[in-house]
Amino acid sequence: MCPNRIKLVYFLVTFLLPAISSGDGDVTLDAHDLYFREVLYYLYQQQYQTALTHLEVIKQETKSGQLDRDGEIIAGELNLSYGLLNKAENIFEKLLRTPGPPEIPDETWLELAKVYYAQNSIEKSAYALSHIHKPFTGTQREDYEQLNINLHIDQDRQLTNSNKFNQGTAADTRQYYSQYNLGTGLIRNNHINEGIKILDEIGAPVTDHDLLSDEIKSLKDKANTTLGFYYLDIHNPQKAVSYFEKVRLNGAYTNKALLGMGWSLAELGNLKDALAPWVELQKGDISDTAVQESLLTVPYALNGLKAQHQAMEQYNDAIGRYKKEIQSLQSKIDVIQRNGWISSNDGSHPDKHLITYQDIRDEVLDNPYLDSLATDNDFLRAVDHYNELNILKQTLLDAQWNIGVYHLHLANKQHLLIEQAPNILRNNYARSADSSKILEQLKTELTRIANTEDALALMTEKEQSQLRVLKLVNDNIADLSRLFNLGRLDDKLRIYHGIILWDITMEYDSRLKNAQQTLAGLESKIAGLSQQRNDIKNFRQENLGDTDKFDRQIALLQEKVDTALNEIDSDITIQTSKLTAYVVAVLKAQQSHLTANLGYAYTAIAQLYEVAYITGLKEDKQ
Amino acid sequence: MKSGSALLLLLVVAFAIINPVFAQKAPLEPRPEQLQPEYRAFDGKLGSLKDTVLTLSRELVQLEKDLLFPGNTQISVFLSFQSKSILALQSVQLKIDDTVVSSHIYSSREIDALQRGGVHRVFLGNVSEGTHNLAASVIGTDALGQDYRRNTTLTFKKDTPPKFIELSVVEVVQDRQPDFIVKEWQ
C-alpha cells in the first residue's frame, strides 16, 4: 500500500475513533475501539487479509452488522488493497448513494482509478478519476497526471492543450517517464509536432549527463531511438541519423539504434557506411532481434556493394548461427515442457512457492529470449494469480492446522465432561460424606467437652503417654520400692501427676479454641467440596450442549476449508500450466522468428546463385 | 531483352521477398496491451476465492474466541504507543499471577504500525473469576538513545464479561522517558 494511502487511513482514524457506532449497544464502544485499532495495526503492516478478517469480526459482533461511514471507507480501502475490487466497488457505490461527511477521499478515488486502469476498465477508471477535486502533491500528483494522460490516449481524447499537463522541468525519473508517455501519446493522437518536441527535449544531451541516473540515461536513449525510427518510417533518414547518433553505445537501446543507423545510412544510399554499425551489431548476443536482423543486413549491404562472395559467406554464417540458436531454443523448450517452468525455475528452492520479480529477472539473465516477460502484463498478471493462489493456500493450510487444534481441545473438553467429571463428582461426594461424618463426630465430642469442661479429652499424646507411665509406676510402686531405694516415690508421683493435670487444665481454653477452629476448618472444607460439586455440575450443564454445537461447527468449517483447498490446488495446477505454456509460447515465437530469418537467408543465397548463374550466362554469350 | 526483363523481375521478386525481413522498425511505445479475456475472468474467480478464504478466516476467528476463550474467562491485553513518540520499543513481557503468559519482540514494521496508532493484542487467554495480578514490562531505547526497562503492575477483578486491558506506553514530556498508562475497558 502506498504511503499516501496509509496516511489517509491514519487521518481518518484520528477523526474516526470517537464516531464509531457500536450498533445497538450490543458490545460497548470502548472494546470496539480497541478492536478497530487492532485492525489498523495489521493494515499499517499491509497484512490486508488479517486486517479484513478482524474488521469482518467487528462487523459481525455489532447488532446491526454494519459499520458506520468511516468504518465503511476503511473497509472499502482494505477490500481494494486486498484485491476484492467488486466488494470495494459496492462499498464505494453505496457511500456515493448516501452522500454525507466524510466524503470518499480523493486519495481513495485515485487508488480506485489506478486499479481500474490496471484491470483495463478504462471507463471506470475515468469515472473514478472524475471524482477527484483537489490537486495532489508529490508522487500522487505524478500518478494522477500519468493516469490522466493514459486515459486520454486510450479514450482517443484530445491531448492538444499542453498547458493542461505539467510538463515540468523533467527533473526526475518519474517526470521523464511521464513526459515520454505524453510525447508518444501526442504522436499517436496525430499531434506529431508537439509529441516530437517533447521527445526531443527528453533525448537532448545535458551538461551534467554523467550525474544522471542510469534509468534517465536509458530513457533518453529510448526517446532518441523512438524518434530515429519515426523519421526512418517517414523516409527522412538524415533526421533519423541525427537521433541514432545520440544513443549511447553501452545501453539497452544500443542494438536497436545501430540497426536503425544502418538502415538510415542505407536509405541515404551509403551502404558502405551502413556496414559499420551492422558489423558492430553482428557481434552481439543473437537472442536480440536486432542482432538477428544484422546477420541478414550485412550480407544485404555486401551484395549491394557487389561483394557477392562475401555476401554468400555471411549468409552461410547466418544460417549456421540461426540453426544453432533454433536448436538451443528447442532444448530449452523441451526442458520446460518436461519439468514445467516453475519447477525448472526454483529447482534450488523446492519449498519456495512464490515467484518474485527477482526470480523473473534471474530467469531472463539465464535466458535473454524471455526478456519480454518482465514487462508483459499478461504474464505478470498470471504470475500474480499464481502467487495469490499460493498465499490463499497457505492461509487455508494454517486454518486446517488450527481446526485440528480446536478439534483436540474439544475432544479433551468432551472427555472431561463425559468421563472425568462424573468420576470427580463421585470422589467429591465420597470425600464430602466422609468429612461430614467426621464433622458430626467432632461436633458431638466438642459439645460434650465444652459442656463438661473435660480438659483431659483435649490432652496431647505426649501428656497421655506421660500419664500412662505414671500410672504404670504407680501400679507397681510396692514392687519398685522393695527393689530400689526411691525415697517417697508415691509423693513424687502425685506431684508429677498434679503438674501434668495442671498443664492440661491451663491449656484447656486454648485447646478448646483450636479444636473449634479445626472444626470450622473442616466445615469450610466441606463447603468447598460442595462448591466444587456445584461448579462441576454447572460446567457440565453449560458445556455439554455446547460441545455438540462446536463439534458441528468444526466439522462444517473443516469441510468448507477442504473444499476451498481442493479448488485452489486445482487452480494452482492450471496456473502453473498456463505459465509454462506462456513461457513456451514466447520461446516458440522466438524460434519461429529465427526460422523465418533462416528461410530468408536460404532464399537470399538462392537468389545470389541465380543472379550469378544468369550473369555467368550473359558473360558467356558476350 | 527477354532475359534482361526476367532478371529484373527476378531481382524485384527477390527484393520483395528479402525486404520484409528488414521491415521491422521499432514502433512507438505501444498502448497498454488488452488483457486476455481469460485473465480478466480469472481475476473475478480469484476475487471470489479471496472472499471465501476471508469468510472462512472470520468464522475461524469467531470459533476460536467462542471455543478457547469463552467470555466468562476471557482476558485480552493490548499494547499501544503514544503517537509520534520517539521511544523505540523492543519487547514486552506479561505475567498474570506471577506466571509468564506472553512475550513479544517487535519488528520495525510492527513498531511503525504502533506508532501510527495501531494496537497490538499481546495476550488473549483465560483467567478464573476473581482478583488477579498483571505485571508488564517493556524494554526499548529512549529518546536519548539509552536502553530502558519499565515495569507496571495492575490488580484487577475478573467478572463474567470479557476483560480488556490496555497498556499504553507514553513519553513523559519533562524527561522524555517512557512510562505506562494502564486502562481497563469494558
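In chain B, four strands make up an open sheet with the order 3-2-5-6 and antiparallel pairing. Strands, like helices, are DSSP runs numbered from the N terminus (E, at least two residues, for strands; H or I, at least four residues, for helices), and two strands count as paired if DSSP finds at least two bridges between them. The edges of this sheet are strand 3 (99-105) and strand 6 (147-158) of chain B, each of which pairs on one side only. From one strand to the next the twist averages 15°, with axes fitted as lines to C-alpha atoms (for helices over the stretch in contact) and angles running from 0 to 180 degrees between N-to-C directions. The structure is a predicted model, in which local features need pLDDT of at least 70 and side-chain atom pairs count only at pLDDT 80 or more, while totals for chains, interfaces and linings use all residues. Residues are numbered from 1 along each chain as its sequence is written, and chains are lettered from A and ligands numbered from 1 in the order in which they are written.

Within the antiparallel sheet, strand 5 (residues 130-141) of chain B is joined to strand 6 of chain B by twelve bridges. Here B:L134 stands opposite B:L154 of strand 6. The loop between strand 2 (88-96) and strand 3 of chain B holds B:D97, a residue other than glycine whose phi is positive, near 50°. Most residues other than glycine have a negative phi.

Strand 1 (residues 74-81) and strand 7 (residues 163-172) of chain B run parallel and are joined by seven bridges, with B:I165 in strand 7 as the bridge partner of B:V77. Strand 7 also pairs with strand 8 (residues 177-185) of chain B, in the antiparallel sense and over nine bridges. Along this pairing, B:E166 has B:K183 of strand 8 as its bridge partner, and B:F164 stands opposite B:W185.

Taken as a whole, chain B has three helices and eight strands, which follow one another from the N terminus as α-α-β-β-β-α-β-β-β-β-β. Of its 186 residues, 24% count as buried. Among the contacts in chain B with a separation of 6 or more, 64% link residues 24 or more positions apart, where contact requires C-beta atoms, placed from the backbone, to lie within 7 Å. Chain B is divided into domain 1 (36-68) and domain 2 (70-185), with bounds that come from an automatic or database domain assignment. Taken over C-alpha atoms, the centres of these two domains of chain B are separated by 32 Å.

Chain A is likewise divided, into domain 1 (1-104) and domain 2 (379-621), whose C-alpha centres lie 37 Å apart. The largest nonpolar core has 86 residues, and those with the most contacts inside it are A:V39, A:A51, A:L78 and A:A113. Such a core is a set of buried Ala, Val, Leu, Ile, Met, Phe, Trp, Tyr and Cys residues joined through C-beta atoms within 7 Å. Helix 19 (residues 377-452) of chain A supplies the largest share of this core, nine residues. Leaving aside residues up to four places away in sequence, A:A51 touches A:V39, A:Y42, A:L43 and A:L78. Another core lies apart from this one; it has 52 residues, including A:L186, A:I187, A:L258 and A:A318.

In the loop between helix 11 (214-233) and helix 12 (237-244) of chain A, A:H235 has a positive phi of about 60° although it is not a glycine. A:H235 is exposed, with 9 other C-beta atoms within 10 Å.

Finally, the two chains meet: 71 residues of chain A are in contact with 57 residues of chain B. On the side of chain A that touches chain B, helix 22 (residues 489-621) of chain A gives the most, with 15 residues. The residues of that side divide into 33 nonpolar, 22 polar and 16 charged, with Ala, Val, Leu, Ile, Met, Phe, Trp, Tyr, Cys and Pro counted as nonpolar, Asp, Glu, Lys and Arg as charged, and the others, Gly among them, as polar.

Definitions and conventions
A residue is buried if 20 or more other C-beta atoms lie within 10 Å of its own, exposed if 12 or fewer, and partly exposed in between; C-beta atoms are placed from the backbone.
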